[in-house]
Amino acid sequence: MNETTNPGEVYRTAVARGRTVLLVVAVVTLCMVGVAYAPLPDSGWRIALILGAAAVNAFIVAGHLMHLLQERHVVYFLLAFTVLFFVALMGLCVWAHGDVPKPGAVPAAKG
């Protein structure tokens, strides 16, 4: 921490940000409940609105409360590793696609 930064000010800023995040999550959750009881003509719109609000809630919780917005390099590294691993497994499946025994073939005896 920098010596010029007042620890009390850092704490007050963090508390204010936490209150703002809590307020936004509460408002979005109340909107989800309101949409669930709203007289919409089509249930597809209701489901889409609730899923959209849930996505906003998930972003706020993951980004701010779990500090994922501040740790972008770690998140991007794990995402790149996941994509690389998925591509490698799909490549392995495609490469081994032709390695199936012929019907009626007898395996060679060991010995």
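**Reading a pair of helices**

Q: How do H1 and H2 run relative to each other, roughly parallel or roughly antiparallel?

A: H1 and H2 are roughly antiparallel to each other (angles under 35 degrees count as roughly parallel, over 145 as roughly antiparallel, 65 to 115 as roughly perpendicular and the rest as oblique). Two packed helices are described by the angle between their axes and the distance between the axes. Here the axes of H1 and H2 cross at roughly 165° and come within 9 Å, where axes are lines fitted to C-alpha atoms, for helices over the stretch in contact, with angles from 0 to 180 degrees between N-to-C directions. This is a predicted model, in which local features need pLDDT of at least 70 and side-chain atom pairs count only at pLDDT 80 or more, while totals for chains, interfaces and linings use all residues. Residues are numbered from 1 along each chain as its sequence is written, and side-chain values use heavy atoms, leaving out hydrogens and water.

Q: Which residues of H1 are buried?

A: Buried means under 20% relative accessible area, exposed over 50% and partly exposed in between, with a 1.4 Å probe and protein chains only. In H1, Val21, Val25, Val28 and Val35 are buried, and their cover includes helix H2, residues 43-65.

Q: Which residue forms a salt bridge with Arg12?

A: Side chains of opposite charge can pair when their charged atoms come close. Glu9 forms a salt bridge with Arg12, with 3.4 Å between the closest N and O atoms (the term requires a side-chain nitrogen of Lys or Arg within 4 Å of a carboxyl oxygen of Asp or Glu). Because Glu9 and Arg12 are 3 residues apart in helix H1, about one helical turn separates them.

Key: Helices (H or I, at least four residues) and strands (E, at least two) are DSSP runs, numbered from the N terminus. Contact means heavy atoms within 4.5 Å.
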